[in-house]
Amino acid sequence: VRMPETVQVWGILVLLVTGFFVSVSYGYELFGLLGAAALLALFAYGSPRAQIAFLVLFLPLEYQGFDVGFANLGPYDLVADLFVVGFLFRLLYAEKMRVPIPAVFAAAFVMFGLFLPSILVTNSFGNSIKELIRLSLALLTSYGICTHLAKHEDGKFTVTLIKLFVVETALLSVWAIFLAATGSLIQIIAGRVFPSVFEDVNFYAAYVVLALAMSIGLAIREQRPFAKIFYWCTTSFMTLSLILTVSRAGLIALAATIILFVFFSFSQLRGAKRISTAVAAVFLVGMGVAVLFSSTAQKTFNVFGIFDRFQGALTGQDRSVRERTKLISVAWNVFVDNPMLGVGYGAFEDSFDHYRGAQLELGKQRSVHNTPLRILAETGVIGFLGVVIFVSVLFRSLFKAVRNHHDFSKKTLLFSLLAALAGYVITSFTLDELAESHFWVILGVTVGFMVQSTSQNASKISSDHE
């Protein structure tokens, strides 16, 4: 890059950091606008590769911003919207629409199409359109990421994106652990700890679940001792941070992730690698238990709150479980009354008061906290069929790619991405998270890497036969 351009980019970067820092630290909103303008300028300078890196970098800020009526507007939303505009421009004018659609995204577009009939019967047309716009932007962002990675990258950049996401989440975990110990700038609700940039502890838990599986995959595939130790450390930080959330779904997803990797290790690793992975897993669990029962941890939160929450869930004494059971009952009543098309995508909250009945203790305009049931209530059998098709195609494609790949490094990463998305599906039974940006960005990276790896694997097999 020529020197004048370098100076301009660094100047914009200084404005960006200064603007956001002053805005967040001192509450001067005009400096926030300055930072936003600098962000847009810097983003516009970048190639699609740089823009995708920005998307991953700003993912933790997806819940930051303000409502402008039809959408949320924050740092992540700015870069995502610009990326979509650039992608559509390249798709229409540079690529001339000659871009293959992977089976996973074909299924995703079918799912989106099957959501559309629900708006014909909704009484909350505005909210339905708003949520459909939000989902379409997330879907196009994901497809744009996948298209670029599959067509223009060789796999190394995709691995870099995965590493960036893992390291970024590990730093968030360290931040949460540190601030929990010092008791500042952290949200602690009944002993549940999570960084304040996330609007809800369960969303943070789902976010960590995605990164944790990738961190384990990076640790297993690494040949360099220092890098292997580093990724086991990032895994340890994320594990402890996930435990601190006291999220039942997050902890179940953590257990499922460990089981999946134990299966993978015993089926794919041999000799010393199998033993070292087992030792690392034991160390990980042991370190987490040791830290949990340390004096610092006990000052931060009630260790036994984890066990109390699970015991309460099993015995039916937990208030949260009882409340969510009632919410599920309300959602089921919505579906039974509107079985084919639902009440409209994104319209459950507006319909809640009507179907709540005499259960006034639930409050008003509540969410379902269950993605599959929400889709069933909002879009009926037709929309739910689209979700089933999408999820089935996604995991079938990933499982097939893992099974057929012969390169251990790429097979391990593909399996870690499969485990990450499987863990995320588990958390979706306690959250409404179909349109969450982190899911769609990671999906784009996953499918892009899968298409790359499958193509390279097929080429290698073909050359070997020749």
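Predicted model: local features only at pLDDT ≥ 70, side-chain atom pairs only at ≥ 80, totals over all residues.
Residues are numbered from 1 along each chain as its sequence is written, and side-chain values use heavy atoms, with hydrogens and water left out.

Reader: How are α10 and α17 oriented to each other, roughly parallel or roughly antiparallel?
Author: Helices here are DSSP runs of H or I with at least four residues, numbered from the N terminus, and axes are lines fitted to C-alpha atoms over the stretch in contact, with angles from 0 to 180 degrees between N-to-C directions. The axes of α10 (residues 248-268) and α17 (residues 408-427) come within 9 Å and cross at roughly 155 degrees. Since angles over 145 degrees count as roughly antiparallel, the two helices are therefore roughly antiparallel.

Reader: Which residues in α17 does α10 meet, and how many residues of this contact are nonpolar?
Author: Contact means heavy atoms within 4.5 Å, and residues of α10, including Ala249, Leu260 and Phe264, meet residues of α17 that include Phe408, Phe415 and Ile426. With Ala, Val, Leu, Ile, Met, Phe, Trp, Tyr, Cys and Pro counted as nonpolar, Asp, Glu, Lys and Arg as charged, and the others, Gly among them, as polar, the contact has seven polar residues, one charged residue and, as the number asked for, twelve nonpolar residues.

Reader: Is threonine 371 buried or exposed?
Author: Threonine 371 lies in helix α16 (residues 371-404), and, leaving out residues up to four places away in sequence, it touches Ser428, Leu431, Asp432, Glu433 and Leu434. Buried means under 20% relative accessible area, exposed over 50% and partly exposed in between, with a 1.4 Å probe and protein chains only. Because its relative accessible area is 10%, threonine 371 is buried.

Reader: How far apart in space are arginine 324 and histidine 369?
Author: Arginine 324 is found in helix α14 (residues 319-337), and His369 is one of the residues that it touches. The two are 45 residues apart in sequence, while their C-alpha to C-alpha distance in space is 7.4 Å.

Key:
Parallel < 35°, antiparallel > 145°, perpendicular 65-115°, else oblique.
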